[in-house]
Amino acid sequence: MFTVQHEPDTGVNGGTCYETVKGKGGPKNAETFAAEPLECRLFYFDGENGITLTNPTYTVTQKVKGQWVEQEIPCSHTIQLYPFANTPNSGGVYKAWVSTYESVYDACNGDVDNGATGENCSGVFGIVPRFSKTDNFKVRLGDREIPVTYDIALRSFHDKNLNCQYDPDYNTPANGDELIENWDFGVTDPFESRSIFRTTGSEALPITFSVLEQEMLAWSVDHFMWFASVNGVTPLNANFMHFTTFAELRNYAARHNDGALRLGFMSPLACDQGEGAAVISRDSGEQTDDGFTPTDFADPVQGKKGEDPDPVLVVAFGSIGIADITVCKVFDRNKNGMKDDGEGYIPNWPVKLTVPLSVPLPDDINPVATPELWTELVAIFGNDISGMYNRVISKNTGDNGCAVFRALVPNIRGDLAPYEVSESLSQSPGWDNTTIDKVEFDVQSVLTYVNSLPVIDGEVVNRTEGKTGDTFVFHNTCDVLVNFDTKGYWHNKNGLSELDETDRTYVNSLASYSSPSAYFGAGDEPFDGLFQGGAPVAAAFSGDSVIWEAGTWQSEVSHFLVDSNGNAEENMHKEQLAQQLPAFIFNTRHRPGTDGLSGSASIEVNGTWMTIDEIIALAVATWSSNDVSAIISLAATIDGFNNNDALPVAPQSYTDCLAPF
């Protein structure tokens, strides 16, 4: 629904004047118009092809010659904008509104038909500001009096040196702050209606908004981003890579610093609260606190006849870019200090970021003193806030082998000390670095434009290892010496206790154990705890002690591993190889840690490095052959592995190493 307001005491209803104008100067040639019903002001916008007028007529019940009758009356659909009656001021400021049907319906308690005009509804003739879009405009009347204006300008600055003020000539112009154009500000008027204004690139001709006739009420300016959801507004400047550094109110001047500072709004993140004050004392600083009343700082001004004067005040915000960095851990299998094809990342590895004193921190923010802000910061930054101790933020790499540190503020205050990102080698044996284990770097703020819209970002520079960008990769490798156990160990209670169903399933899948052999008398393959006829295998013993009960696959494995080899030659020594192979398999699946080795890890076999999968395949193929010498030789080789307390293994993956954390 649509309304035009000619300022408060002009008298309006749906854009049609209906009474004599009250205010300074009185009306000039004012006429009286009939108010258009709300039904006739209802329209629908489809988002593409314009608007559709919803009701061609409206129905009203009224007395005609003493009888109540219902009449259908055509809508004129008039939005009367001209001729304009004088506003109560000489500035010619008008306001147009569009509101949602639901908000008007609620404001009018459902009375929006039968000719109702909305005049007696709550709000401004049924218009509820927080559910309305509004626009201010001016009309110049040729014979108007000397114009009176109360405009406020908006400026946005890139505070690249992080000193919480605008200084374009800091040291050199190249190092000075920059005016930002096309930066969005939200302006909330005294009726809680919020409009968006976009800055210009000119100090002398900034974007302005008028507070005339409402200058004695509270106004607020914001550029909400990080805390938009908390304030129930749409995020502005939503690239989410900057902090607010200052917000202030000055007398208007063509150059910002020529205007006297009238009010410094409470400092946001990264700025001091005046001389001697603690760093960080409030929330985001993305809004002019609880608003400001313009008449506390300046009065309306007059211009020449027919000319609008300059703005009276200017609200300025400063912003600084922040950086995100990604830290990754690579398993450098070939130890060349590079990530080669096939080399993966290492998850759950500890890395840390050390923040220097040259970066202001939110030291006063804590869950007790500022619980709402703490909750919001943790939601935004996660462990970057809650995990900080003594200026060190510790994290572990995620499933992708990387960790992200967010919101790194430029380190350009005080001693200019750099950031440091580093990894930690654990006390687990065998691990080593193939690249340096820490890198120092700086963060600077950079303003760029994408499709004419500004982006303020933090940029990582001056990396001590000579690389560029915001991704840091540390490379690590390990040397693996494995303590394998004999087939006698796996026959016994301790060894059997380490085994699980996946071990049994894997062994039974191999040709050496998938069908009964001639040489196994205390049971038969595959290992299931039963003989072929269904009789249970006897309990396993160690001396006179039962180590596993009868009828279990573990007892059958135990019997097999210590079965007599008295008929070795008769069976071409196959049983010796078949006994050493399960012990080797159990070793590789449970050593050096509980997760074992990958099938691609390599062991030297008679001068040739072979993967574990290749060794197992070779053993099965050899067992299936009738090459007695090869069977005897390979059985002895695998027996040597199973009796080795420090067997060298070439790892394929970080999982082949002892856990480094």
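The legends below describe close-up views of a predicted model.

**View 1. Three disulfides are found in a search of the whole structure.** A disulfide is a covalent bond between the sulfur atoms of two cysteines. The pairs are Cys40 with Cys75, Cys328 with Cys402, and Cys478 with Cys657. Each pair is described in one of the next three views.

**View 2. Cys40 and Cys75 are joined by a disulfide, with an S to S distance of 1.9 Å.** The pair links distant parts of the chain, 35 residues apart. Cys40 belongs to the loop between strand S1 (2–5) and strand S2 (43–45), and Cys75 to the loop between strand S5 (67–74) and strand S6 (93–99). The torsion about the S-S bond of Cys40 and Cys75 is about -75°, and the disulfide is therefore left-handed. Is Cys40 buried or exposed? Cys40 has a relative accessible area of 3%, so this residue is buried. Cys75 likewise counts as buried, because its relative accessibility is 12% and the limit for a buried residue is under 20%.

**View 3. A disulfide connects Cys328 to Cys402, with an S to S distance of 2.0 Å.** The two cysteines stand 74 residues apart and link distant parts of the chain. Cys328 is part of strand S19 (residues 323–331), while Cys402 is part of strand S23 (residues 402–408). The torsion about the S-S bond of Cys328 and Cys402 is about 105°, so this disulfide is right-handed. Both Cys328 and Cys402 are buried.

**View 4. Cys478 and Cys657 form a disulfide in which the sulfur atoms are 1.7 Å apart.** Why is the disulfide of Cys478 and Cys657 left-handed? The reason is that the torsion about its S-S bond is about -60°. Cys478 counts as buried because its relative accessibility is 3%. Cys657 also counts as buried, at 8% relative accessibility.

**View 5. Helix H7 (residues 553–561) is mostly covered.** How many of the nine residues of H7 are buried? The count is nine of nine. The buried residues are Trp553, Gln554, Ser555, Glu556, Val557, Ser558, His559, Phe560 and Leu561. Against which elements do the buried residues of H7 pack? The helices among these elements are H4 (487–491), H5 (493–498), H6 (501–508) and H8 (574–590). The strands are S30 (540–542) and S31 (545–548).

**View 6. Gln214 is found in the loop between strand S13 (207–210) and strand S14 (220–222).** With a relative accessible area of 5%, Gln214 is buried. Which residues does Gln214 touch, if residues up to four places away in sequence are not counted? Gln214 is in contact with Pro190, Phe191 and Trp219.

**View 7. Phe45, Ile51 and Leu53 make a nonpolar surface patch of about 310 Å².** One of these residues, Leu53, lies in strand S3 (residues 51–53). Leu53 counts as partly exposed because its relative accessibility is 45%, and this class lies between the limits of 20% for buried and 50% for exposed residues.

Methods. Residues are numbered from 1 along each chain as its sequence is written. This is a predicted model: local features need pLDDT of at least 70, side-chain atom pairs count only at pLDDT 80 or more; totals for chains, interfaces and linings use all residues. Side-chain values use heavy atoms; hydrogens and water are left out. Patches are made of residues with over 30% relative accessible area and no salt bridge: like charges are joined within 9 Å, nonpolar side chains (Val, Leu, Ile, Met, Phe, Trp, Tyr) within 5 Å. Accessible areas come from the Shrake-Rupley method with a 1.4 Å probe; for residues, only the protein chains shown count as cover. A salt bridge is a side-chain nitrogen of Lys or Arg within 4 Å of a carboxyl oxygen of Asp or Glu. Helices (H or I, at least four residues) and strands (E, at least two) are DSSP runs, numbered from the N terminus. Buried means under 20% relative accessible area, exposed over 50%, partly exposed in between (1.4 Å probe, protein chains only). Contact means heavy atoms within 4.5 Å. A disulfide is a pair of cysteine sulfur atoms within 2.5 Å.
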